[in-house]
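Let's go through this model with some "how do you know" questions. Have the structure open while you read.

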Amino acid sequence: MSDAAKLLTVQFLAWVASRSRTYGDVKQAWRSTCPRLSIWEDAIDADLIRLESGGDRVMDQSKVALTPRGRAMLEGDGQE
């Protein structure tokens with residue numbers, strides 16, 4: 001991961017951790033038309049965040065949470 005991507009990823013993880021976020025919140029705040037800046041999609045692929053569905057909840061209302069790996073990266077223990 002490049003230094004710029006790592007910094008954006010850590011910023012994204014801190015944003016997710018700062019308060020309860022939904023998939024809709026993330027989609028709206030972190031969308032990008034640039035395929036090189038797919039920070040939140042990359043965070044899902046790297047197992048840094050997960051979507052927690054609430055049963056019959058609409059996808060946009062699913063909660064986004066850090067995984068243990070995401071928490072470690074945010075705390076500086078991850079080697080991403």
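Q: What share of the contacts with a separation of 6 or more comes from residues 24 or more positions apart?
A: In this predicted model, such residues account for 51% of those contacts. To count as a contact, heavy atoms have to be within 4.5 Å.

Q: What makes up the secondary structure of the chain?
A: You'll find four helices and three strands. Follow the sequence along and the pattern reads α-β-α-α-β-β-α.

Q: Why is Ile44 called partly exposed?
A: Its relative accessible area is 34%. Buried would need under 20% and exposed over 50%, so Ile44 with its 34% falls in between. By the way, Ile44 sits in helix α3.

Q: How much of the chain is buried?
A: Of the 80 residues, 31% are buried.

Q: Which residues touch the most other members of the largest nonpolar core?
A: Phe12, Leu13 and Ile49 do, in a core of 15 residues. Helices α1, α2 and α3 and strand β3 each supply at least two residues of this core.

Q: Which residues does Phe12 contact, leaving aside neighbours within four places in sequence?
A: Phe12 is in contact with Val26, Trp30, Ile39, Trp40, Ala43 and Ile49. In soluble globular proteins, nonpolar side chains tend to be buried together.

Notes
Residues are numbered from 1 along each chain as its sequence is written. This is a predicted model: local features need pLDDT of at least 70, side-chain atom pairs count only at pLDDT 80 or more; totals for chains, interfaces and linings use all residues. Side-chain values use heavy atoms; hydrogens and water are left out. A nonpolar core is a set of buried Ala, Val, Leu, Ile, Met, Phe, Trp, Tyr and Cys residues joined through side-chain atoms within 4.5 Å. Buried means under 20% relative accessible area, exposed over 50%, partly exposed in between (1.4 Å probe, protein chains only).
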